[in-house]
Amino acid sequence: MSHERSVWAGTDGRVLIAVSAGWLAVRLGREAIPPLVPTIIDEVQISPESAGFGLTVMWFVYATCQYPGGRFSDALSRKTVLTASLGTLVVGFLVLGVVSTYAGLLAGFVLVGLGGGLYFVPSRALLTDTFGDRRGQVFGIQSASGSVGAMAAAGVAVAAISVGVWQLSFLPVVVVLVGVLGGLLYWYDGPFVIGRASLGLGGTGRRILAVPRARSLLAAYICVSFVWQGFLGFLPTFLQAEKGFDPAFAGAAFASVFLVAVVVGPVAGRLGDTVSRVFVGLGGVGLAIAGLLVLVTAGSTLVAVLGVVVVAVGLRSYPPVMQAHLIGLFPDDSMAGDLGAMKMIWTGVGSFAPTYVGVVAARSSYGLAFTGFVACLAVSLVVLAVLHLTGE
């Protein structure tokens, strides 16, 4: 496929629009949750540990569904799995839209994690099927669309809190998801296959762990995922508790993460396609470390916001380039399952980050919890530096 042709052209462009809009909807709903955490703690009458555990449940279910989503999309079809995931997400966000108890909250988190987990890897595989070696660029576009959704989610959450009904945050999410499901069924003419498929987890595990680069990159990605999930889950709460931000300003700072990501994702993806993906990932981790140090030690609002922006640039430049690098390591007929298995591992470990933040905050402070993220990213920085210097 020629690099001169626009990625937005023709049928391929419609596929990109549909898949990107789907990810926008997932992020619109999922990232509405962190700004709501202080309100949920008060209204559902739960502790920070319970709130952190709920977020861990959502992320853990999301993680465990990565491999099945990828594997089934290889064995059945991309369209089958994407349709099932979008339907599950609709139900999950409807539950969150009416919930008033902790049990209901957990049920909604489970469904959202399930639907989101089944969506991500098949969507990446579909883009790879469609765009081939330009996958870094379109991964960046899809990542940016998710960031648009997440940025809008912060505003929706703040608006819902201001009218006193936080559950209203999820109403527009359901509307968008239904539209995306209809658009996917109409635009994408791929097969819809129903049947049985084995997980084949043993063979997949042996295959991905047999690749030295994959093992090293998995270790680095685990560290980045842990930091991202903990940072994202408690950033608004951290800014209110540690830096004295009011809820609206904390929500705006949270939204700035995704405003930055709208620009950073496509730029990093295209840069990674052109130069070294590992080098771009290395630079992103270095920036994230610097941003965290600025954020934790900030003595003023302006400096704290600067820290948030630098962390966002670093962490959101990482996924499109490193996922494009990883998916190129695996055979075409198993790439979705292989990437899904790796994402299941790094997201699964990362899912414990909100619980880590909640526990440390309850016993000490959110500042101490965020400081711990610097050490975690330092491990990733060393791994990527070795890979880059050794030519891997």
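Let me begin with a term: a residue counts as buried when its relative accessible area is under 20%. The structure before you is a predicted model.

First, the overall fold. The chain has 17 helices and zero strands. Its radius of gyration is 20 Å, close to the 21 Å that the globule rule gives for 392 residues, so the chain is as compact as a globular protein of that length. Of those 392 residues, 58% count as buried. Among contacts between residues at least 6 apart in sequence, 84% join residues at least 24 apart.

I turn now to the aromatic residues. The chain contains 17 aromatic pairs. In one of them, the ring centres of Y221 and Y318 are 4.9 Å apart and the planes stand at 85°, so this pair is edge-to-face. Y221 belongs to helix α10, residues 212-243, and Y318 to helix α14, residues 318-327, so the pair ties together parts that are 97 residues apart in sequence. Under the cut-off I gave, Y221 is buried at 5% relative accessibility, and Y318 is buried at 1%.

Helix α10 also carries W228, whereas F258 lies in helix α11, residues 247-274; this pair therefore ties together parts 30 residues apart in sequence. The ring centres of W228 and F258 are 6.4 Å apart with the planes at 85°, so here too the geometry is edge-to-face. Are W228 and F258 buried or exposed? Both are buried.

Finally, one aromatic cluster is formed by F226, F231, F238, Y356, F370 and F373.

Definitions and conventions. Residues numbered from 1 in each chain as written. Predicted model: local features only at pLDDT ≥ 70, side-chain atom pairs only at ≥ 80, totals over all residues. Heavy atoms only, no water. Helix = DSSP H or I, 4+ residues; strand = E, 2+ residues; numbered from the N terminus. Rg over C-alpha atoms; globule rule 2.2 N^0.38 Å. Buried < 20%, exposed > 50% of the residue type's maximum accessible area, 1.4 Å probe, protein only. Contact = heavy atoms within 4.5 Å. Phe/Tyr/Trp six-rings, centres within 6.5 Å; stacked < 30°, edge-to-face > 60°.
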